[in-house]
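Here is a short briefing to read alongside the sequence and the model. Take a look at both, and then work through the notes below.

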Amino acid sequence: MYKSILSLVFLFLTTSTFAQLTLQQKLQSDLNLNTQFQVLLAQSKSQDADFKIIRKSNIEIIQKNVNDSISKYTKEIASLKNSSSSSVATVTGLKDSLQTVQSELQVEKQRTDSISFLGIDFAKSAYHTTVWIIIAVLGIGFFSMLVSFRKAKVDTVEHQKTAEETQNEFQQYKKKAMEKEQLLKRQLLDEQLKRDS
């Protein structure tokens with residue numbers, strides 16, 4: 001009987017130690033804190049409805065885990081604050097550089113949208129309009145000069161024809177007048193010869 005009691009006590013201690021090791025292993029694993037507390041409460045012995053018996057070593061493990069988590073979260077918060085402040089500085093720097101780039105872009109737009117001609121700045125549209133008006137005026141002037149030149153050439157050809165015709169008529173008139181003069185001279189000579197004879 002002594003052996004059976006001893007083996008029963010040994011079995012109880014082994015089971016209790018094994019359960020304790022399993023509980024400690026679970027508490028030392030990477031479970032979140034809420035799950036660790038639930039495991040601790042589930043595996044702790046109940047004295048009555050309101051009280052549970054928890055080993056001091058298990059409480060120490062949970063306390064260490066809580067302290068580790070608090071330390072880890074504090075470091076993460078500090079890192080996030082540093083990251084946030086550096087992000088704010090970066091955003092501020094980017095906003096400043098964006099304003100600089102926008103002002104430079106505005107200056108470049110004004111410079112590219114205007115053309116300096118004879119020391120006067122013109123908007124591109126006004127400059128193009130002025131150039132096209134000048135081209136149109138020059139084109140109209142050229143066309144009118146071409147038309148007037150053509151008309152002058154036609155008039156010159158007509159005047160030359162008229163001059164030639166007048167010259168021909170004058171030559172014919174001169175010829176007729178000469179013939180008439182010669183005829184009159186002959187008649188005069190004939191008359192003088194008749195009188196003298």
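UniProt, in an unreviewed entry, lists residues 156–183 as a "coiled-coil region". In this predicted model, that stretch is 100% helix and 0% strand, with 39 Å between its end C-alpha atoms.

**Overall picture**
- The chain holds four helices and four strands.
- Reading from the N terminus, the order of elements is α-α-β-β-α-β-β-α.
- Of the 197 residues in the chain, 7% count as buried.
- The accessible surface of the chain is about 17,500 Å², and carbon and sulfur atoms account for 62% of that surface.
- If you take the contacts between residues at least 6 apart in sequence, 41% of them join residues at least 24 apart.

**The stretches listed in UniProt**
- The "coiled-coil region" of the unreviewed entry covers residues 156–183, and its end C-alpha atoms are 39 Å apart.

**A nonpolar patch on the surface**
- Which residues form a nonpolar patch on the surface? They are F142, F143, L146 and V147, and together they have about 430 Å² of accessible area.
- F142 is found in helix α4, which spans residues 124–196.
- With a relative accessible area of 57%, F142 is over the 50% cut-off, so F142 counts as exposed.

**The β3–β4 hairpin**
- Strand β3 (residues 114–117) and strand β4 (residues 120–123) run antiparallel and are joined by four bridges.
- Two residues lie between β3 and β4 in this hairpin.
- L118, in the turn, has a positive phi of about 60°.
- Which residue of β4 does F117 stand opposite? F117 faces I120 across the pair.
- I115, for its part, stands opposite F122 in β4.
- As background, side chains in a regular strand alternate between the two faces of the sheet.

**Salt bridges**
- How many salt bridges are there? The count comes to two.
- One of them is between the side chains of K64 and D68, at 3.4 Å from N to O.
- K64 and D68 are four residues apart in helix α3 (residues 56–113), so about one helical turn separates them.
- D68 is partly exposed, because its relative accessible area is 40%, which falls between the 20% and 50% cut-offs.
- E181 makes a salt bridge with K185, and their closest N and O atoms are 3.7 Å apart.
- Both E181 and K185 sit in helix α4, four residues apart, or about one turn of the helix.
- E181 is partly exposed as well, with a relative accessible area of 43%.

Methods. Residues are numbered from 1 along each chain as its sequence is written. This is a predicted model: local features need pLDDT of at least 70, side-chain atom pairs count only at pLDDT 80 or more; totals for chains, interfaces and linings use all residues. Side-chain values use heavy atoms; hydrogens and water are left out. UniProt positions are given in the numbering used here, feature names are shortened, and annotations may be inferred rather than shown by experiment. Two strands pair if DSSP finds at least two bridges between them. Patches are made of residues with over 30% relative accessible area and no salt bridge: like charges are joined within 9 Å, nonpolar side chains (Val, Leu, Ile, Met, Phe, Trp, Tyr) within 5 Å. Accessible areas come from the Shrake-Rupley method with a 1.4 Å probe; for residues, only the protein chains shown count as cover. A salt bridge is a side-chain nitrogen of Lys or Arg within 4 Å of a carboxyl oxygen of Asp or Glu. Buried means under 20% relative accessible area, exposed over 50%, partly exposed in between (1.4 Å probe, protein chains only). Contact means heavy atoms within 4.5 Å.
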